[in-house]
Amino acid sequence: MEEINASIAFDRRLARQDVVASRAHAAMLAATGIIDNKDAEAIREGLLTVMSEIENGTFEFSTALEDIHMNVEARLGELIGEAAGRLHTARSRNDQVATDFRMWVRDAIDLQTKALHDLIESLLEQAEAGAEWTMPGFTHLQAAQPVTWGHHLMAYVEMLARDIGRLADARRRLNECPLGAAALAGTSFPIDRDMTAGALGFDSPAANSMDTVSDRDFALEFLSSVSICAMHLSRLAEEIVIWASPGYRFVILSDRFSTGSSIMPQKRNPDAAELVRAKTGRITGASVALSMVMKGLPLAYSKDMQEDKEQVFDAADSLMLATTATAAMVSTMKPDRERMREMAIRGFPTATDLADWLVRELGVAFRDAHHMTGRLVKQAEDRECALDELALEDIQAICGRDVSRDVFSALSVEESVASRRSYGGTAPERVREQVLRWREQMASTRERSR
């Protein structure tokens, strides 16, 4: 029973939040006259000593005391005596753990948000440097149209920004304080829940005592948000694996983030990217696991909820590591501009530009232009040449005598990307605009957080 019942092996990570919340609770008890100021001060000072011991590694955790709350309270009793027993007035471990856990998740969101900002900065650096560099854009992993390296990387900036937004939404919703809900029904003591909520940085006290002690929506929403974020990191990691492969050679990874083989000296394995990719399964698994824990629980608290923390702790740790590693990989990888351009001109990537030119310059219906271009692509395939290597007479034979030599301007990959000036397009000027916009937004965010 002791082994299955105890949670101290993992919930010791709530120690700082537990001490901070207990100090706020003691101050409120004194302010409302529930305990005297002398006892409250002894409790508050004693809790600082407990926290110091935990941070210094001298605190002795006991499985017999089950959890972080009882371990802290027992040690507090050893330090200050009878006054320690007054700390638990007007609260329960149910509202205590709900408060501590919300505070921990809130801190994790803040740390993860900072890590995502750092990753975005790394992407912006690469995107700005490669705003004009052409590369193949893909659909179905088949060369589709030429794009710029900067535009491709900026797609991940947009994804990660949405992840930051989801985390911010989750933080806003979790920021209600459970303290004062007690076991499930509230308390008869004249407590000031607004005081403790304010002291702990919550926007307000939670409105329903039964809901707040049994709610783990905040943990589920956090896990859902980090699962989506991990999926985005996995997509970027997969592209890095592809880009670094011999068939592409778009980037060279730093030796710090690639490894050799134990028997093949020529190998340069993208292990860090592969491990980031793998973390997604672990993080998504945590989200599914907690959903299964919570799915059949009646109100209010059930011991099943003890299974909530390990999932959240592990997912937060895994995503933080993956984000930090990805930022370092992105900032240190060396893109090969010439190789990307070489690949960009393969596979007839300007076929759509030719069809657009026929529509724009000659007034050909797009479906007809599409058909003509398809015939030219087949002819180029048969001759094993690029579209711009076809003779003007070959193009005129299919598209009409009105086609002039200006058509070849539409077949250049540089002209192709430069022409995509619509908002959100791949043109270098649009990429630079987006880089500037995100730099300004990031600077504004940092300024607000100070």
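Does leucine 184 count as buried, partly exposed or exposed, and what is the relative accessibility behind that class? Leucine 184 counts as partly exposed because its relative accessibility is 36%, where buried means under 20% relative accessible area, exposed means over 50%, and partly exposed lies in between, with a 1.4 Å probe and protein chains only. The model is a predicted one, in which local features need pLDDT of at least 70 and side-chain atom pairs count only at pLDDT 80 or more, while totals for chains, interfaces and linings use all residues. Residues are numbered from 1 along each chain as its sequence is written, and side-chain values use heavy atoms, with hydrogens and water left out.

Leucine 184 is found in the loop between β3 (176-177) and α8 (193-199); helices (H or I, at least four residues) and strands (E, at least two) are DSSP runs numbered from the N terminus. Together with Met210 and Leu299, Leu184 makes a nonpolar surface patch of about 270 Å².

With a relative accessibility of 3%, asparagine 175 counts as buried, and, leaving aside neighbours within four places in sequence, it is in contact (heavy atoms within 4.5 Å) with Arg106, Gly201, Phe202, Asp203 and Ser204.

Alanine 206, in the loop between β4 (204-205) and α9 (209-214), likewise counts as buried, at 6% relative accessibility. Not counting residues up to four places away in sequence, alanine 206 touches Glu176, Cys177, Pro178, Arg193 and Thr212. The C-alpha atoms of alanine 206 and glycine 180 are separated by 9.0 Å, although the two residues are 26 apart along the chain.

A hairpin is formed by β1 and β2, with two residues between them, and histidine 140 in the turn has a positive phi of about 60°. Strands β1 (residues 134-139) and β2 (residues 142-148) pair in the antiparallel sense over five bridges, pairing being assigned if DSSP finds at least two bridges between two strands.

The cysteines remain to be considered. The structure holds zero disulfides, a disulfide being a pair of cysteine sulfur atoms within 2.5 Å. For cysteine 399, the closest cysteine sulfur is that of cysteine 385, and the separation of 14 Å is too far for a bond. Cysteine 399 counts as buried because its relative accessibility is 9%, and cysteine 229 counts as buried at 1%.

Conventions. Patches are made of residues with over 30% relative accessible area and no salt bridge: like charges are joined within 9 Å, nonpolar side chains (Val, Leu, Ile, Met, Phe, Trp, Tyr) within 5 Å. Accessible areas come from the Shrake-Rupley method with a 1.4 Å probe; for residues, only the protein chains shown count as cover. A salt bridge is a side-chain nitrogen of Lys or Arg within 4 Å of a carboxyl oxygen of Asp or Glu.
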